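Visitor: I'd like some practice at reading ring contacts, pockets and strand pairing. Could you walk me through an example?

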Amino acid sequence: MRKDAEDDFGAELSWAFAKAKVSDDVSIRVGRIGLPIFMISDYRNVGYANTFLRPPAEMYSQVTFNSVDGADVTWQRSFGDTTYTAQLAVGSTETKIYGGPTLDARRLTALNLVAEHGPLTLRFGRADTRITLNNQQSINTLLTSLRTAGAGYRMPALGQLADDIAVDHKKASFTSVGAALDWNNIVVQSEYAKRKTDSYLNDTSSWYVMGGYRIGKFLPYYSHAKLKIDGSVDNTVPASCPAGYPAACGPTLRALSGAVATLRYSGLSQGAQTTDTIGVRWDFYRSVALKAQIDRVHPDAGSGLLINPQAGFRGPVTVGAVALDFVF
C-alpha cells in the first residue's frame, strides 16, 4: 500500500503469476510480473533490501511503470564463479499519473542481462514500447487549438506540431546499465540510463553513484544523483502572422507558443535536478533496520521533480526522513 503523491493511500497488486520451470536453466512466468528495467526492479519498494531509505528519484522516476501484464522467460547458468542471467519480458501495462491521467504501454518488451561474480554485479537493460496518455485535458485542449489554428490560418506546421506533441501510440525506450559492489565493508552502487520518446515527453539522461562503508552494525552512505534533459519538442509556432491575416492571428499564436513552452516543465516532462544525499543504516536487530536520510535537492530547470510548486519557488530544498524497515 502506497500513497503515490495522492491524497489517499491505495492498494496495488504488483505481482500475480504462475511459474513453470521447464529445465534446470530456464523458467517461464505468466501473469503480472515486475518490470525488469532497473538494477533493483525486483525490490526497489522493499525498503529493507536497499541501502537507501529512498532510492534516487532522478533515476527511478523516469519510468512510472512497476509491473507488466504478460509473460517472461528467464535463463540462468553459472560458469565457474560467475552466474549469468538473461530475462525477456513481453506484455502491456498502465499507470495512473498524478492529477488523474493514465499512461498506457502496449507492445512492451524488456530485456534484462545480469552477471554476478562474488561481490560484484553488472547489469544491462533495455525496454521498448508504445505509450498513450489518456484523460489529460490540458494537453487535449492544446492539441485541438493547434489543429484548429493550423487549419484556420493555413499553417500546416501547427498541425504537425500537434502530431509531434500527442502521446498516442508513440515509440518510447529506456536503456540502462548498472553496477554494484558489496566487498568486505565497502558498498558501492551506480546506474546510468537514457529515456527517449517520440512525443512531448522529454528525452532524458539520469545517473547516480552511491558509496558506503560498514562500521559494525552501522552503514553510513553518500550518493550523488543527476537528471538531465536531452531534448524536448521544438516550438515551431510562427512568431508572427503574414500580412493580411485576421487581427486575432497574432494573439492566438502568442498564446499557443506560451502553452507549448510550458510542456518542458509540466508533469511527465519533468525538469532536471541534482540531489546530494547522506544517510545511515543501522541493523540493530535481526531483519530490522533503522535508517535516517537527508537529501539536498537542487532543481536545475523549473521545479525539477517536485510536485505542485508554489509561485516564486526557487530551491534548493532539504528533505529529511527516518524509517524503520523490516522483513518477516
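Guide: We'll go through rings, then charges over rings, then a pocket and a hairpin. Keep in mind that this is a predicted model.

Visitor: How many aromatic pairs are there?

Guide: Two rings count as a pair if their centres lie within 6.5 Å. By that rule there are 10 aromatic pairs here. Take F38 and Y60: their centres are 4.7 Å apart with 70 degrees between the planes, making the pair edge-to-face. F38 is in the loop between β2 (26-34) and α1 (57-60), while Y60 belongs to helix α1, so to speak of distant parts of the chain here is to speak of a 22-residue separation.

Visitor: Are F38 and Y60 buried or exposed?

Guide: Both F38 and Y60 are buried.

Visitor: And what links Y60 to Y208?

Guide: Another ring pair. The centres of Y60 and Y208 are 6.0 Å apart and the planes meet at 45 degrees, so this one counts as tilted. Since Y60 sits in helix α1 and Y208 in strand β9 (residues 203-213), the contact ties together parts 148 residues apart in sequence. Y208 is buried, as is Y60.

Visitor: Which residues form the aromatic cluster?

Guide: One cluster takes in F38, F52, Y60, F174, Y208 and Y221.

Visitor: Which charged residues lie over a ring?

Guide: Here you look for a charged end above a ring's face. R29 lies over the face of F17, 4.9 Å from the ring centre. Likewise, R281 has its charged end over the ring of Y48, at 4.7 Å from the centre.

Visitor: Now pockets. How do I find empty space?

Guide: Roll a probe the size of a water molecule over the atoms, and it shows where empty space is left. In this model, the second largest pocket holds about 550 Å³.

Visitor: What lines the second largest pocket?

Guide: Its lining has 24 residues, with D42, T85, Q87, N112 and V114 nearest the centre. They divide into eight nonpolar, eight polar and eight charged. At least two lining residues come from each of β1 (16-21), β2, β3 (67-79), β4 (82-96), β5 (102-117) and β6 (120-134).

Visitor: How are β1 and β2 paired?

Guide: They run antiparallel, with six bridges between them. A four-residue hairpin joins the two strands, and K21 has S27 in β2 as its bridge partner.

Conventions
Residues numbered from 1 in each chain as written. Predicted model: local features only at pLDDT ≥ 70, side-chain atom pairs only at ≥ 80, totals over all residues. Heavy atoms only, no water. Phe/Tyr/Trp six-rings, centres within 6.5 Å; stacked < 30°, edge-to-face > 60°. Buried < 20%, exposed > 50% of the residue type's maximum accessible area, 1.4 Å probe, protein only. Lys NZ or Arg CZ within 6 Å of the ring centre and 35° of its normal. 1 Å grid on protein atoms, 1.4 Å probe; cavity = no way out; pocket = protein on both sides within 12 Å on 5 of 7 lines; lining within 4 Å. Points joined across faces, edges and corners; volume = space filled by probe spheres on them. Nonpolar A, V, L, I, M, F, W, Y, C, P; charged D, E, K, R; others polar. Pairing = 2+ DSSP bridges.
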